[in-house]
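These entries record what I looked up in one structure. I kept them in the order in which I worked.

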Amino acid sequence: MTDLSDLTTLETDVLSAVSAASDEAALEAVRVAALGKKGSVSEKMKTLGGMDPEQRKTFGPALNALRDSVAAAIASRKAALADAALEARLAAERLDVSLPVRETGLETGRIHPVSQATDELIAIFSAMGFSVAEGPDIETDELNFTALNFPVGHPAREMHDTFFLPTKVDGERLLLRTHTSPVQVRTMRAQKPPIRVICPGRTYRFDMDQTHTPMFHQVEGLVIDESAHLGHLKWVLEEFLKTFFEVPSVELRFRPSFFPFTEPSMEVDVRCRRLPNEVRIGEGDDWLEILGCGMVHPNVLRNCGIDPDVYQGFAWGMGIDRIAMLKYGMPDLRDLFSADARWLAHYGFKPLDVPSLAGGLSS
Ligand code: DAH
């Protein structure tokens, strides 16, 4: 026979089980054990039916109170557990949105100044209507020399300090191109005039000091049509140099020179000021040799299947490394190819700083 103290004991037991439940699953087990169909509290409720009216008067309210108190304790424990679970999740997934974003390769990587200078000059010459032509680093003797009017045995060949590849079984001896001029020949043999191309690329000569490396970069320019003349060449070079060096004007000095593939041939100096750690283009009382140029020799046109009585044109060749060094104040050519990441971090360019005339070249 149930008495009221049993109910008190039962309540104490259930309530302490409720507060001991450490997660929602444990709490649900406690609820089923107390209030489920066969639960300890439910079983007590069932005993009401067998009681006489007097007993029921006492036990009815006591049992209802027990059931309500257990249900309320479970509900409040459940809410507390849900709150604690949410708190734990928030703490675990904590994110400091004020921290700076970690940099990817796109921000930490750097574009080499020679690549940047090449992109700059392509942007400038593209705006003038030039397209870009390329050729292989390994060339034939014919394209590097003979077609460019270097006769076999001509002393000008010796001036090029050529790297030759081992002679092949058929007697042919390939070489590393000593200049970008063979791309002129390739272009004239592949296209009909009018031709306006620049040919940037790697070139090789057996030479090494502060201003020479065995591999370096040149850009060649070539214009062929029926009337191209030296006045056009001068304008193209002036426009290019002032845009590239980002100065309001440049002054050029043309000196007679010799290249087998041009007649007349000239070397071009640009007015400059030499400061201890810098050369300023477009001002000062000094001159700096910057490129070679001339009118394409009729023999070269003929070697490329172009009639020199109909067509004429001009060409020039310039060192990209040299103009990059001048523009960006890099004193030693050898540093450009020493693959030193610290040097590149200092002198390199951000990958998204793509040079354009509209957006600015180096800004
Ligand atoms: N090929 C010459 C060199 O490497 C540079 C050059 C001079 C290219 C005059 C030209 C030119 O197209 O007209 O030294």
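**Entry 1: Ser42.** In which helix does Ser42 lie? I found Ser42 in helix H3, residues 40-46; helices are DSSP runs of H or I with at least four residues, strands are runs of E with at least two, and both are numbered from the N terminus. I note that this is a predicted model, in which local features need pLDDT of at least 70 and side-chain atom pairs count only at pLDDT 80 or more, while totals for chains, interfaces and linings use all residues. Residues are numbered from 1 along each chain as its sequence is written, and side-chain values use heavy atoms, with hydrogens and water left out.

I then looked up the accessibility of Ser42. Ser42 is buried because its relative accessible area is 15%; buried means under 20%, exposed over 50%, and partly exposed in between, with a 1.4 Å probe and protein chains only. Its side chain reaches the backbone oxygen of Gly36 at 2.6 Å and that of Leu35 at 3.0 Å. Such a polar contact is a pair of N or O atoms within 3.5 Å; within protein, one must be able to donate a hydrogen and the other to accept it, and residues adjacent in sequence count only if both atoms are side-chain atoms. Neighbours within four places in sequence aside, I listed Ala34, Leu35, Gly36 and Lys37 as contacts of Ser42, where contact means heavy atoms within 4.5 Å.

**Entry 2: Thr213.** Is Thr213 buried or exposed? Thr213 counts as buried because its relative accessibility is 6%. I located Thr213 in the loop between strand S4 (195-204) and S5. The side chain of Thr213 reaches the backbone oxygen of Met215 at 2.6 Å. Apart from neighbours within four places in sequence, Thr213 is in contact with residues including Arg205, Leu333 and Phe337.

**Entry 3: strand S5.** I checked how S5 is covered, and 11 of its 11 residues are buried. In a regular strand the side chains alternate between the two faces of the sheet. On one side of S5 I read Met215, His217, Val219, Gly221, Val223 and Asp225, and on the other Phe216, Gln218, Glu220, Leu222 and Ile224, all buried.

I next looked up the pairing, which requires that DSSP find at least two bridges between two strands. S4 and S5 run antiparallel and are joined by 10 bridges, with Tyr204 partnered by Met215 in S5. S5 also pairs with S10 in the antiparallel sense, over eight bridges; here Asp225 stands opposite Gln312, and Val219 has Met318 as its bridge partner. S10 pairs in turn with S9, antiparallel over five bridges, and Met295 is partnered by Phe314 in S10.

**Entry 4: the ligand.** Which strands supply at least two residues each to the shell around the ligand? I noted S5 (215-225), S9 (286-296) and S10 (312-319). The ligand is surrounded by 15 residues, the closest being His179, Ser181, Arg205, Gln218 and Glu220; a residue is near the ligand if one of its heavy atoms lies within 4 Å. I recorded five nonpolar, eight polar and two charged residues in the shell.

The protein covers 91% of the 360 Å² of accessible area that the ligand has on its own, by the Shrake-Rupley method with a 1.4 Å probe.

Definitions and conventions
Ala, Val, Leu, Ile, Met, Phe, Trp, Tyr, Cys and Pro count as nonpolar, Asp, Glu, Lys and Arg as charged, and the others, Gly among them, as polar.
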